[in-house]
Amino acid sequence: MSTRIAFLKGHGTENDFVIVPDPENVLELPPAAVAALCDRRAGLGGDGLLHVVRSAAHPEARGMAADAEWFMDYRNGDGSVAEMCGNGVRVFARYLQHAGHVTEGDLTIATRGGVKTVHLAKNGDVTVGMGRARLPEGDVEVSVGEHTWPARNVNMGNPHAVAFVADLAHAGDLYAPPPHRPAGAYPDGVNVEFVVDRGPRHVAMRVHERGSGETRSCGTGACAVAVAAARRDGVDPAVTGTPVTYTVDVPGGTLVITERPDGEIDMTGPAVIVAEGAFDSAWLEGVLG
């Protein structure tokens, strides 16, 4: 007998997600099922899927249950598991508010990248404490066609290669992952950001997200870009002792990134729930064969 499974759609700066509430972690969501749900023509459509589970009910999150009631079991659009998604955390928090689990103010969310602090503001913006960036040593390059650029290796709980370019069009169509060197720098793949300057402490980016292709926005990518830009511009807060804020334009909107002298990074931007409904389990079973 088929059953109806609730879902919602939401986006953060047009980085969009299928949201599947499953507090007790009873749903089976193998990679093929996630990919089918995220399919933009034959499924519900999304850059990724937010599986909403109580931390105590998920084996990967039980150790964080004392610090965060809810776990963001995030999946890329191809069904692969990801450590973290900054826009996803904002949308996840907005869902928790929409569902009545939390109210305006501060909360915590467990992710594979650790427990994240979140603030739901009255004006609708959501601020996420993204933690500290790690800057692995070693030179990295990324390429598109005949163009090759040096890139900054930044890890925000997931891997990024940040390349400053003269024109965002040089990034090409970003359907396929841009080649990088050395191959061993990112054994599990990498998110690649292409960045241009728009003004003082103001940049714009395009991104190829690992497992999803080009997306309209990437929260961890915007953080990685701000960190790389601060080092390039000589305003590393750990050195200057002063917080630095960058405005990062993405195709789907604008994010504001602040890095403090202790290395902690805050990301602020919108998050919207746009629809909710249900899909038939029989449909998903049919897709999976």
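Tutor: In this predicted model, the crossing of helix 1 and helix 5 is right-handed.

Student: What makes helix 1 and helix 5 roughly perpendicular to each other?
Tutor: The axes of helix 1 (residues 31-38) and helix 5 (residues 281-288) come within 10 Å and cross at roughly 115 degrees. Angles of 65 to 115 degrees count as roughly perpendicular, and the two helices are therefore described in that way.

Student: Why is Asn87 called buried?
Tutor: Asn87, which is found in helix 2 (residues 86-98), has a relative accessible area of 0%; buried means under 20%, so Asn87 is buried.

Student: How do you know that the side chain of Asn87 makes a polar contact with the side chain of Ser217?
Tutor: The pair lies at 2.8 Å, and the cut-off for N or O atoms is within 3.5 Å, with one able to donate a hydrogen and the other to accept it. Asn87 also touches other residues, including Gly12, Phe17, Leu255 and Met267.

Student: What makes Val20 buried?
Tutor: Val20, in strand 2 (residues 15-21), has a relative accessible area of 0%, which is set against the cut-off of under 20%. Among the residues in contact with Val20 is Val52, which is 32 residues apart from Val20 in sequence and 6.0 Å apart in space, C-alpha to C-alpha.

Terms used
Residues are numbered from 1 along each chain as its sequence is written. This is a predicted model: local features need pLDDT of at least 70, side-chain atom pairs count only at pLDDT 80 or more; totals for chains, interfaces and linings use all residues. Side-chain values use heavy atoms; hydrogens and water are left out. Axes are lines fitted to C-alpha atoms, for helices over the stretch in contact, and angles run from 0 to 180 degrees between N-to-C directions. Helices (H or I, at least four residues) and strands (E, at least two) are DSSP runs, numbered from the N terminus. Angles under 35 degrees count as roughly parallel, over 145 as roughly antiparallel, 65 to 115 as roughly perpendicular and the rest as oblique. A crossing is left-handed if the near helix is turned anticlockwise from the far one by less than a right angle, and right-handed if clockwise. Buried means under 20% relative accessible area, exposed over 50%, partly exposed in between (1.4 Å probe, protein chains only). Contact means heavy atoms within 4.5 Å. Lists of a residue's contacts leave out its neighbours within four places in sequence.
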